[in-house]
There are 2 protein chains.
Amino acid sequence: MKQYEVFELVFHGEEPEKSHVAVQLEAEFILNGTSTAVKGFYAGDQTYKLRYYPREAGTCTWTVRSSIPLEGKLCGEAQCTAAEAEDHGMVQAEGLHFHYENGGRYLPFGTTVYALVHQEKTLVNQTMETLHKSPFNKVRMCVFPKSYDFNHNEPELFAFEKTDGKWDVNRPCFAFWDMLEHRIRELREMDIECDLILFHGYDRWGFSQFSEEEAMVYLDYLLRRLCAYPNLWWSMANEYEVVEHFPKQWWYDFAQFIHENDPYGHLLSNHNFLQFWDFADKHITHCSIQDSNVVRVPEIQQEYQKPVVFDECCYEGNIMHPWGNLSGFELVNRFWTACVMGGYCTHGETFLSEDEVLWWAKGGILKGESPKRIAFLKSVLEELPGNLEYSKSLLETAYEKGGIRLPDDSWLENAMNMIGKELHEVSAVRAQGHFDKERVILGHCGEAAYLRYWGRQCAGQGELELPDTGAYDVEVIDVWEMTRKKVMEGVKGKVTVPLPGKEGIAVLAKLR
Amino acid sequence: MKQYEVFELVFHGEEPEKSHVAVQLEAEFILNGTSTAVKGFYAGDQTYKLRYYPREAGTCTWTVRSSIPLEGKLCGEAQCTAAEAEDHGMVQAEGLHFHYENGGRYLPFGTTVYALVHQEKTLVNQTMETLHKSPFNKVRMCVFPKSYDFNHNEPELFAFEKTDGKWDVNRPCFAFWDMLEHRIRELREMDIECDLILFHGYDRWGFSQFSEEEAMVYLDYLLRRLCAYPNLWWSMANEYEVVEHFPKQWWYDFAQFIHENDPYGHLLSNHNFLQFWDFADKHITHCSIQDSNVVRVPEIQQEYQKPVVFDECCYEGNIMHPWGNLSGFELVNRFWTACVMGGYCTHGETFLSEDEVLWWAKGGILKGESPKRIAFLKSVLEELPGNLEYSKSLLETAYEKGGIRLPDDSWLENAMNMIGKELHEVSAVRAQGHFDKERVILGHCGEAAYLRYWGRQCAGQGELELPDTGAYDVEVIDVWEMTRKKVMEGVKGKVTVPLPGKEGIAVLAKLR
């Protein structure tokens with residue numbers, strides 16, 4: 001047994017007579033005095049398994065209880081050894097950000113391959129190789145296959161077998177789950193989080209037509225099998241509203257069920273088509289969002305006080321749909337915009353291809369220009385001393401507090417107070433439009449670093465308000481050319497930085 | 001006397017004893033039986049003038065009445081000759097578009113030089129030369145000088161003289177008005193409309209602090225002197241809310257006064273900072289808008305049923321302010337977006353300059369990359385057989401009608417109806433964001449031409465629904481490279497057009 005690694009007990013016994021899911025098999029693991037109740041599952045071939053995720057090094061004992069006659073010892077003890085330094089355990093949410101269980105920062109730089117596991121093996125292998133070389137450390141993928149434009153192929157395996165021509169959730173397809181687990185483990189070896197999508201509506205097979213009871217049986221099996229894997233996140237849906245057959249209440253019920261049956265508390269969210277999910281729900285750990293307006297990170301942070309991940313902000317590509325034909329620059333621009341304000345963004349790619357293999361759904365190879373720029377952004381953020389926190393603009397403060405006082409610039413004070421006041425009088429659409437346009441995209445790590453991004457503004461100079469104490473070195477960053485140039489050394493207070501007057505420019509000021 | 005040209009009567013008499021504005025001098029002109037009452041004005045130097053704008057060829061008689069003893073004949077008669085073919089008279093609004101008085105189409109392609117007439121003569125001359133070579137056929141400029149960043153210079157002349165150190169609206173500065181008229185006439189010679197801004201708030205001299213009575217005296221003089229010029233539009237304000245001293249009601253009062261004192265009904269609007277003016281007001285002829293979201297042309301057309309002109313959608317340049325550092329491409333993109341949907345856009349340019357001469361306020365020369373692309377767009381629109389009308393998308397129809405039925409594509413019908421329904425359930429901000437993102441930027445001239453623009457979408461192919469009868473030739477237009485390439489001939493019905501997969505692409509289908 002090793003800290004942060006799946007510990008598995010395997011037993012042999014007769015195949016269950018009724019449901020292959022609701023088997024009476026559970027265990028209590030006690031690690032350094034902390035007890036964890038674990039449910040086992042039937043894995044086919046007269047094999048039962050119980051999986052446990054040990055969070056600490058120390059002494060662990062367990063006791064298995066089963067109504068099924070099993071061969072072998074039903075209790076045991078092991079020394080759980082400490083994880084290697086490079087194994088950092090599960091990702092957890094805290095405040096507006098994420099961290100690994102061992103305390104290290106985790107900055108999600110995800111990508112999207114919805115039907116990753118539903119492709120032929122050679123293609124899946126190629127996708128894994130591509131991911132390995134990519135900057136991405138999270139992948140959004142579905143349990144159920146996808147039916148949509150460019151997704152007409154039939155998968156070899158499905159999550160369940162059929163009984164009388166109908167999916168039988170009590171009869172999991174073991175080959176499918178073995179395959180799925182294999183891919184999850186491969187991702188873990190590459191240090192990639194698997195943001196597993198449990199339901200979605202792009203379906204021609206009937207998985208989106210489950211009754212709530214069927215859905216719960218499926219979730220039961222999924223959690224028994226998978227929840228000991230540390231690199232899993234639960235994304236209840238891709239576009240929950242598109243699963244039209246599911247009433248809204250079910251998603252709350254699913255979250256409750258997952259909460260009760262996932263002893264490790266994996267990250268949990270629900271991704272929208274139009275209407276954000278109720279991220280205020282206590283079981284939701286972070287905001288998983290579809291929206292192009294990534295400039296609204298601050299509003300969403302403020303409303304939910306949870307990490308904000310734009311899991312769908314449109315894709316780099318050239319298909320007809322407006323969500324799938326961003327330029328490489330525009331996707332990079334959205335990443336910078338969200339990340340500088342302490343939010344996060346997820347990549348996707350949709351280039352027309354004769355073989356209909358588009359990365360966003362099927363994987364394969366990456367063709368776009370954004371991934372290497374995303375890697376560059378990741379390197380900039382990783383070298384910061386901490387996570388970025390959004391810095392409110394004068395206008396936002398004037399708006400929220402009903403006015404500001406400035407020491408020596410009465411013109412600016414006046415203007416901000418006038419606009420702040422008028423913003424309360426105009427429609428929400430007008431006000432939001434103004435905040436979007438005027439947003440100062442600025443984040444900071446305490447007083448140690450300030451990062452400002454100008455987006456599509458072609459400013460020839462830019463201002464930065466640094467603390468009046470300390471000495472800062474200032475770099476101009478070209479997010480597309482991936483260059484960094486030091487332009488000032490040892491400065492403090494309000495500085496005017498010369499900028500090249502083009503799109504995609506950021507400025508980083510770091511305390512010496 | 002000539003149709004569409006200012007006809008002027010000049011009289012000599014003693015300087016008015018009291019107000020130089022409220023002089024008792026008026027005339028009745030009767031042209032082909034149509035009577036027009038005209039007020040005269042004192043022009044300084046013991047000179048009084050009456051100006052009349054004849055709209056038709058024919059026989060004209062006039063009678064002057066005055067309480068001031070004047071030298072010369074107080075009644076007369078003249079033959080009004082027909083205008084030359086190239087003189088098309090005043091611009092008028094009709095439906096969502098504009099036309100000249102002689103019936104010709106007028107497509108406003110404006111630019112902004114707020115403090116044009118408040119610069120030194122050599123600079124104003126240079127601005128006029130630049131305008132002459134430019135594609136612009138409308139210029140927004142202020143009567144009062146501008147005080148703001150890059151606008152610290154003191155003009156030589158102001159609209160009024162001072163009495164006891166205070167502006168005296170009853171004592172116009174005749175040299176100023178002569179100079180202003182000279183520039184308006186120069187613009188007319190270049191076929192450029194002068195969108196004259198009557199008030200604004202960027203003021204350090206006190207013109208924005210007038211009482212309502214003072215404002216009305218000023219308007220009285222302005223209308224007596226200027227309203228016979230055909231190439232004038234009245235823009236009551238630049239950013240009316242920024243003139244904080246003026247209560248909202250005054251703007252209604254001004255519009256009423258202008259209506260009563262401008263016998264020719266020049267175009268009239270009021271330009272906003274944040275909150276659109278009440279364009280539903282019966283005296284307002286068109287929507288003069290400040291907003292970056294030019295993609296909302298259809299919503300504004302639908303609400304007001306008047307022409308929509310984005311008179312401020314931000315400027316090409318590199319200054320610090322987010323409204324003044326668009327790339328050339330982005331400004332061109334906004335023009336195409338607005339124009340293809342039957343709206344209009346106004347140019348402006350703000351490049352940092354050591355001499356503080358920025359085109360947007362002071363004129364001079366144009367440095368940007370957008371003007372020649374705007375000229376290209378203008379040429380594309382001018383060759384169309386008529387004005388463009390926005391084509392509603394399926395989604396908009398589904399949203400407005402509560403559902404659509406499609407003949408053979410139940411998947412699409414389903415999707416549109418589902419999204420249309422959800423759009424009613426989400427917040428106005430979310431719904432507007434979705435419409436903005438999914439907007440199909442498509443206009444048509446009856447069935448004679450269809451023009452679709454993809455904006456920043458990098459589509460590799462695009463669809464066009466043409467009528468099932470007729471034969472259309474289809475061109476792909478690169479709005480930045482200014483190229484047009486015929487890609488299909490004689491097609492009809494639904495066509496899929498191969499596109500280059502880059503930003504700034506339009507497709508024009510014209511009936512043979």
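Trainee: At 41% relative accessibility, what does Glu400(A) count as?

Mentor: This is a predicted model, in which local features need pLDDT of at least 70, side-chain atom pairs count only at pLDDT 80 or more, and totals for chains, interfaces and linings use all residues. Residues are numbered from 1 along each chain as its sequence is written, chains are lettered from A and ligands numbered from 1 in the order in which they are written, and side-chain values use heavy atoms, with hydrogens and water left out. Buried means under 20% relative accessible area and exposed over 50%, with partly exposed in between (1.4 Å probe, protein chains only). At 41% relative accessibility, Glu400(A) therefore counts as partly exposed.

Trainee: Which residue forms a salt bridge with Glu396(B)?

Mentor: Here the closest N and O atoms are 2.4 Å apart, and the pair links distant parts of the chain, 43 residues apart, with Glu396(B) in helix 9 (residues 394–401) of chain B and its partner in the loop between helix 11 and strand 24 (441–445). Helices (H or I, at least four residues) and strands (E, at least two) are DSSP runs, numbered from the N terminus.

Trainee: How many residues apart are Glu186(B) and Arg183(B) in helix 2 of chain B?

Mentor: These two residues form a salt bridge in which the closest N and O atoms are 2.6 Å apart, and Arg183(B) counts as buried at 3% relative accessibility. Both lie in helix 2 (residues 174–189) of chain B, separated by about one turn of the helix, or 3 residues.

Trainee: What rotation superposes chain B on chain A?

Mentor: Copies are superposed by least squares on the C-alpha atoms of residues with pLDDT of at least 70 in both. The superposition has an RMSD of 0.0 Å and a shift along the axis of 0.0 Å, and its rotation is 180°. The two copies are thus related as by a rotation axis that is two-fold, which corresponds to a rotation of 180°.

Trainee: How large is the area buried between chain B and chain A?

Mentor: Contact means heavy atoms within 4.5 Å, and 53 residues of chain B are in contact with 53 residues of chain A. Buried area is the accessible area (1.4 Å probe) that two parts lose on being put together, summed over both. Leu274(B), Met320(B) and Arg430(B) supply 19% of what chain B buries against chain A, more than any other three residues. Carbon and sulfur atoms give 59% of the total, which is about 4,200 Å².

Trainee: Which element gives the most to the side of chain B that touches chain A?

Mentor: The count between the two chains is 4 salt bridges, and the side chains of Arg456(A) and Glu503(B) meet in a salt bridge with an N to O distance of 3.8 Å. The elements of chain B that give two or more residues to this side are helix 10 (410–425), helix 11 (428–438) and strand 26 (461–465). With 8 residues, the element that gives the most is helix 11.

Trainee: How many of the 11 residues of helix 11 of chain A are buried?

Mentor: The buried residues include Val429(A), Arg430(A) and Phe435(A). What covers the buried residues includes helix 5 (297–304), helix 9 (394–401) and helix 10 (410–425) of chain A together with strand 18 (287–290) and helix 11 of chain B. Helix 11 of chain A is largely enclosed by the rest of the structure because its buried residues number 8.

Trainee: The backbone oxygen of which residue lies 2.6 Å from a polar atom of the side chain of Tyr472(B)?

Mentor: Tyr472(B) lies in strand 27 (residues 472–478) of chain B and counts as buried at 0% relative accessibility. Leaving aside neighbours within four places in sequence, Tyr472(B) is in contact with residues including Tyr450(B), Met488(B) and Leu511(B). The backbone oxygen at 2.6 Å belongs to Glu447(B).

Key: Polar contact = N/O pair within 3.5 Å; in protein donor to acceptor, adjacent residues only side chain to side chain.
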